[in-house]
Amino acid sequence: MPLTHKPAAQSGTVPLLYPGVAAKANVFLGGKSNLPFHLVATKDETAPIAAGLFRMEKGEPLVYNYTYDEAKIILEGECSITDEEGTTVIAKPGDVFLFPKGTTITFESQDYLLAFYVGQRPQL
């Protein structure tokens with residue numbers, strides 16, 4: 001598989017994760033390979049890897065159940081991240097998070113958050 005390069009990807013527009021769902025109009029993800037900065041790094045269906053940008057703006061919290069392992073590094077902004085046991089961390093630039101398969105996480109931002117993610121999941 002050849003090298004993939006997305007120059008200045010962080011400065012691009014990240015599309016809505018849930019288009020048409022008013023309650024989630026504040027959550028964005030490079031969710032299809034032809035949209036800004038979502039990459040599928042391998043075609044191995046037994047161990048897929050996807051990477052891209054996640055953006056959340058002030059609004060409704062996002063409760064997300066991970067059906068795959070994922071890591072995020074916070075690039076800009078901040079948000080609270082709460083696990084199913086009630087542990088809350090304020091995520092800030094430079095922080096790295098690992099979300100194991102089966103974890104339920106609540107994300108909530110009072111302003112905005114931009115993060116880079118990589119997860120063991122197929123193309124969306």
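Visitor: In which strand does Lys72 lie?

Guide: Lys72 lies in strand β5, residues 70-77. Strands here are DSSP runs of E with at least two residues, numbered from the N terminus. Please note that this is a predicted model, in which local features need pLDDT of at least 70 and side-chain atom pairs count only at pLDDT 80 or more, while totals for chains, interfaces and linings use all residues. Residues are numbered from 1 along each chain as its sequence is written, and side-chain values use heavy atoms, with hydrogens and water left out.

Visitor: Is Lys72 buried or exposed?

Guide: Lys72 counts as buried because its relative accessibility is 5%. The term buried means under 20% relative accessible area, exposed means over 50%, and partly exposed lies in between, with a 1.4 Å probe and protein chains only.

Visitor: Which side chains make polar contacts with the side chain of Lys72?

Guide: A polar contact is a pair of N or O atoms within 3.5 Å; within protein, one must be able to donate a hydrogen and the other to accept it, and residues adjacent in sequence count only if both atoms are side-chain atoms. The side chain of Lys72 has such a contact of 3.1 Å with that of Tyr66, and another of 2.4 Å with that of Glu70.

Visitor: Which residues of the largest nonpolar core touch the most other members?

Guide: In soluble globular proteins, nonpolar side chains tend to be buried together. A nonpolar core is a set of buried Ala, Val, Leu, Ile, Met, Phe, Trp, Tyr and Cys residues joined through side-chain atoms within 4.5 Å. The largest core here has 17 residues, and Phe54, Ile81, Phe99 and Phe107 touch the most other members. At least two residues of this core come from each of β3 (50-57), β6, β8 (96-99), β9 and β10 (112-119). The largest share, three residues, is supplied by β10.

Visitor: What is the order of the strands in the open sheet?

Guide: Strands of a sheet pair through backbone hydrogen bonds, either parallel or antiparallel. This open sheet has four strands in the order β4-β9-β6-β7, paired antiparallel; two strands pair if DSSP finds at least two bridges between them. At its edges are β4 (62-65) and β7 (88-91), each pairing on one side only. Four bridges join β6 (residues 79-83) to β9 (residues 104-108), and four bridges join β4 to β9. Within β9, Thr106 stands opposite Thr82 and is also the bridge partner of Val63, while Glu108 is the bridge partner of Ser80.

Visitor: Which residues of β9 are on its covered face, and which on its uncovered one?

Guide: In a regular strand the side chains alternate between the two faces of the sheet. For β9, Ile105 and Phe107 make up the covered face, whereas Thr104, Thr106 and Glu108 make up the uncovered one.

Visitor: Where is Ser109 placed?

Guide: Ser109 is in the loop between β9 and β10. Ser109 counts as buried because its relative accessibility is 1%. Its side chain reaches the backbone oxygen of Glu78 at 3.0 Å, and a polar atom of the Ser109 side chain lies 3.2 Å from the backbone nitrogen of Asp111.
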